[in-house]
Structure formats: structure tokens, C-alpha cells
Amino acid sequence: MEEKPPSGNSKSKLTLPTDFPKLLSQVDMAEEDRYPTGINELDRVLGGGVVPGSLVLIGGDPGIGKSTLLLQAASSLSTSGKVLYITGEESLRQVGLRAGRLGLKTNEIYLACETNLEYISEYIKKVSPRVAVVDSIQTMVHPDVTSAPGSVSQVREVTAKLMHHAKEHGTSIFIVGHVTKEGTIAGPRVLEHMVDTVLYFEGDRHQSFRVLRTVKNRFGSTNELGIFEMQGQGLVEIENPSAMFMARHPLSTAPGSVVVPSIEGTRPLLVEIQALVSSNSYGVPRRMTTGVDHNRVALIMAVLEKRVGMRMGSSDAYVNVVGGVRLLEPAVDLAVALSLASSFRDAAVPNDMVVVGEVGLTGEVRPVTSLERRLKEAEGMGFKKALVPCTGIKKMSLPDVQLYSIDTLVEAIEVALQG
Ligand SMILES: Nc1ncnc2c1ncn2[C@@H]1O[C@H](COP(=O)(O)OP(=O)(O)OP(=O)(O)O)[C@@H](O)[C@H]1O
Ligand SMILES: [Mg+2]
């Protein structure tokens, strides 16, 4: 009988590399040197500078300042190595004018107006820069892909190719991506899994604050914030955001205002939350939030209604985080609840008090992480009282802050709204 060839015979011709698979213990684990960008707030969100060969996506609404930020970063990076800036959206003159307006040093920045990926690949090989900027991914065209620039397949292919260049040449590449609401045009969302780091540049266009947030990072922690102010001479770093938020908005004694020591990423940040609850005599009650999650506010209002007995179901309610920051952590729940309760009762929370805690569905107040660091920040800014969850209080050295510990939302309201 004829012998059958063993299954998968064709694979036996593969020549495997002799040293693979490798033992993990034999892999070089030395941390790679990072390049500081010269912009501390940007370095912070990157996890301590630019990692060689990494691909970083910066997303943001149109006109928020993405090109400005990257040109400023390119300028300071170019003092210690070559930088290639590729723009598919602006003319050389436009970029030149911006650099002039921002007063930037541009000696080692190579500039190219190009959208064809083949040329871009050649430019990267020719200049061999340490860092390249591609502004923006939606304008770039991969010649082998027939669909229009900005389509899902185009941005995917272009990004894959750029990733290849980054890993092959060790060039760190920053990609700009416009956030688009229409499903037909590819936004940065479809690229998030492909790149090493995703940063979002946020802010209210009518205000000058800009927040750079880490959404994903293969080389550092996420939710890290970098805070800037957009001024005539470009983006200026804000080193002590708590001081700035508090200074710009003198502490209010009006009902509805509460200050929370929030932690976004690794940095404590004192922010004021404002609420307005007003009766609505006609139609469906309006609910509007800026800076906090809409659904979370709805949940907190339901808890206030059911567990505290505040009938605000038919009232309009507005909640706003002052300064244009977005607060994502549940530790701000209690401050949101108290701002709503304070406005509803028309009784102010003492203006030297900070409030922190997570609110549960049964009206209980749960502990938060890093309580001492939050309260230290508040103490540093001159706050004298803190309303905190009972559980989780350890011995803390806060000589200037009086702690009020509470277990439930009902107790919190009793303590904070005495006046
Ligand atoms: N002469 C100026 N003085 C002060 N600020 C300016 C000036 N020109 C532009 N700006 C600011 O810069 C912002 C635009 O920045 P930039 O072009 O970096 O944004 P972008 O996110 O790259 O926008 P796009 O989506 O168009 O690429 C403007 O919204 C404005 O606030
Ligand atoms: Mg731009």
C-alpha cells in the first residue's frame, strides 16, 4: 500500500530561525531611553518622553490646536535631533507663518507638503529623522488603495505602513487624526488598536484651556492629563492647574458650587462643579451636563430622589465643570450630588470645604483612592474642611484640614448644607 504523506507536509520546507522562540528571561529588558519633548505636559502624558520607534496618535476636534502643539514639540525636539514634519493640509508658507508667529527655532525641522505615502516613505528614508509628524492621517493616500483619502481602508493602510517605518527605522511618528462624528469618514477610533499611544486633545473652543489626555499607552499610564492654555504665542503649559482653576474663579458662596479634589491620571486637580436645579412648569425637564458623564448625573439624581427624598424629577438640571476639564472618575459623585442638592435647597456648601466620595445606588458613600494626596492638594490651596467617606480614613497628617467623615448621602447633606 502506498504511504500517505504526513499532513501539513508542505510546511516542513519552512526554515525556522534557530534562536526562536526565545526565553522571555533572555529578552533585553533595559528601558529604552526616551527623548524629552521639551514640553513637560506632553512628556507627562507620553509617560516620560517619546519612546524611540513608537507610533503616537493625537486626536482632537478641528481647530483645537493639534498642529500648533506638534509644531512646538517638533521645534524643541529638533534642538537635539532631526525632525521631519509632513503636512497634507497646509502649505509650506502656512506652516512657516505659524512657526514665525510662535517664535519657534526651526533649524533642524525638515518640512514637506505631501499626501502620497510612497513619497513620504522615501522622505523618511532620506532624512532619517528621529521624530516625524504626519498631519493629518485623513489626508494621506496609500497608492495601492483605491478608496478616497480619509476612508477606513485608507487610514488603516497608511497607519500600518507608518507603523512599519517606525519599527524598522526607530523613527518615532506622531499622527494627527481629526475626530469626526460621521460614520463614513474614519476617525481616530478605528486606529486606536493599531498604534502604541493614543492622546486626545480636548477643550472648549470658546475657552483658552486645552487638555491633552492619554487614552491608551503601551509605555505608561492612561488618563494622564497635560494642561495648556492657548495664547497668542501658542500653547503655554500650566504647571499648577489647581491654582489656576481656583484663581480664575474666585470661590463662590452661591448655592450649587462645590469644589472636588479629583485625580486624573497621577495628578490631583482641584476643580469646581456647579449645578443649577430650577423648576420646570412646562414640557419635559431639561438635563444638561458639561465635563461629567450625563448618565452618571441621571443616576445621582435618581439616588437623591429615592434615598434622600429630594423631588427633582420634574425640575430642569444643569451640571457644569468649571474650566472645561472632563472628570471621568466616580470619586466626583459626591460633589455632583451635593452641588445638585445645594442648588435644589438653595443652601450653599461652605466655600472652604472640599468634597470627595463615590455614591452608590443605595445612597451610601464609598471610599476613594489616594485620599491623602487629594486632601494634601486641597490643604495646599488653603481649604480648611473636607467631607470624606468614613471607610478608608487612615491616619493622615493634615494639620490644617478638619475632616468630616460620613457614611451616606443623607449624612453628607446634613453636614454640608447646615447653613
Ligand atoms: N494669530 C493667532 N493668534 C492667536 N491664536 C491663534 C492665531 N491663529 C490661530 N490661533 C489659534 O490656533 C488655533 C488653531 O490651531 P491649529 O491650527 O494648531 O489647530 P488644529 O487642531 O491643527 O486645526 P485643524 O483641524 O484645522 O488642523 C485656533 O483655533 C486659534 O485658537
Ligand atoms: Mg492642523
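**Entry 1. Overall.** I started with burial: 40% of the 419 residues of the protein chain count as buried. I note at the outset that this is a predicted model. For extent, I took the box that the C-alpha atoms fill along the principal axes, and got roughly 85 × 75 × 50 Å. I then listed the secondary structure of the protein chain, which comes to ten helices and 18 strands. I also looked at contacts between residues at least 6 apart in sequence; 68% of them join residues at least 24 apart.

**Entry 2. Domains.** I looked up the domain assignment, which gives domain 1 as 30-239 and domain 2 as 244-416. Their C-alpha centres lie 36 Å apart. The contact between the two takes twelve residues from domain 1 and ten residues from domain 2. Which element gives the most to the side of domain 1 that touches domain 2? I find strand β7, residues 209-217, with three residues. By class, I get four nonpolar, five polar and three charged residues on that side of domain 1.

**Entry 3. Ligand 1.** I listed the shell and found that 13 residues surround ligand 1. The closest are Pro62, Gly63, Lys66, Ser67 and Thr68. Helix α2, residues 66-77, supplies the largest share of this shell, with three residues. I sorted the shell residues by class: three are nonpolar, seven polar and three charged.

**Entry 4. Serine 75.** I stayed with helix α2, where serine 75 lies.

**Entry 5. The nine-stranded sheet.** I traced an open sheet of nine strands with mixed pairing, in the order β3-β2-β4-β5-β1-β6-β7-β8-β9. Why is one side of β3 and of β9 left without a neighbour in the sheet? I see that β3 (109-113) and β9 (234-237) stand at the edges and each has a single partner strand, so one side of each has no neighbour there. With direction ignored, neighbouring strands of this sheet are turned by 25 degrees against each other on average.

I then took one pair of strands. Strand β2 (residues 83-87) and strand β4 (residues 131-135) run parallel and are joined by five bridges. Threonine 87 stands opposite aspartate 135 in β4.

Next I checked two helices that pack on the sheet. Helix α3 (residues 92-102) touches β2, β3 and β9, and its direction makes about 145 degrees with that of β3. Helix α4 (residues 117-127) touches β2, β3 and β4; I get about 165 degrees between its direction and that of β2.

Two cis bonds went into the notebook. The peptide bond from phenylalanine 20 to proline 21 is cis, with omega near -10 degrees; proline 21 has its place in the segment before α1 (40-46). The peptide bond from aspartate 135 to serine 136 is also cis, with omega near 0 degrees. Serine 136 lies in the loop between β4 and α5 (152-169).

I also noted two serines with a positive phi. Serine 128 has a phi of about 50 degrees although it is not a glycine, and its place is in the loop between α4 and β4. Serine 370 has a phi near 50 degrees, again positive in a residue other than glycine, and is found in the loop between β16 (365-366) and α9 (371-380).

How many other C-beta atoms lie within 10 Å of serine 128? I count 13, so serine 128 is partly exposed. For serine 370 I count 14 within 10 Å, and therefore record serine 370 as partly exposed.

Notes
Residues numbered from 1 in each chain as written. Chains lettered and ligands numbered in written order. Predicted model: local features only at pLDDT ≥ 70, side-chain atom pairs only at ≥ 80, totals over all residues. Near = placed C-beta within 6 Å. Helix = DSSP H or I, 4+ residues; strand = E, 2+ residues; numbered from the N terminus. Nonpolar A, V, L, I, M, F, W, Y, C, P; charged D, E, K, R; others polar. Buried ≥ 20, exposed ≤ 12 C-beta atoms within 10 Å, placed from the backbone. Contact = placed C-beta atoms within 7 Å. Domains from an automatic or database assignment. Pairing = 2+ DSSP bridges. Axes fitted to C-alpha atoms, helices over the stretch in contact; angles between N-to-C directions.
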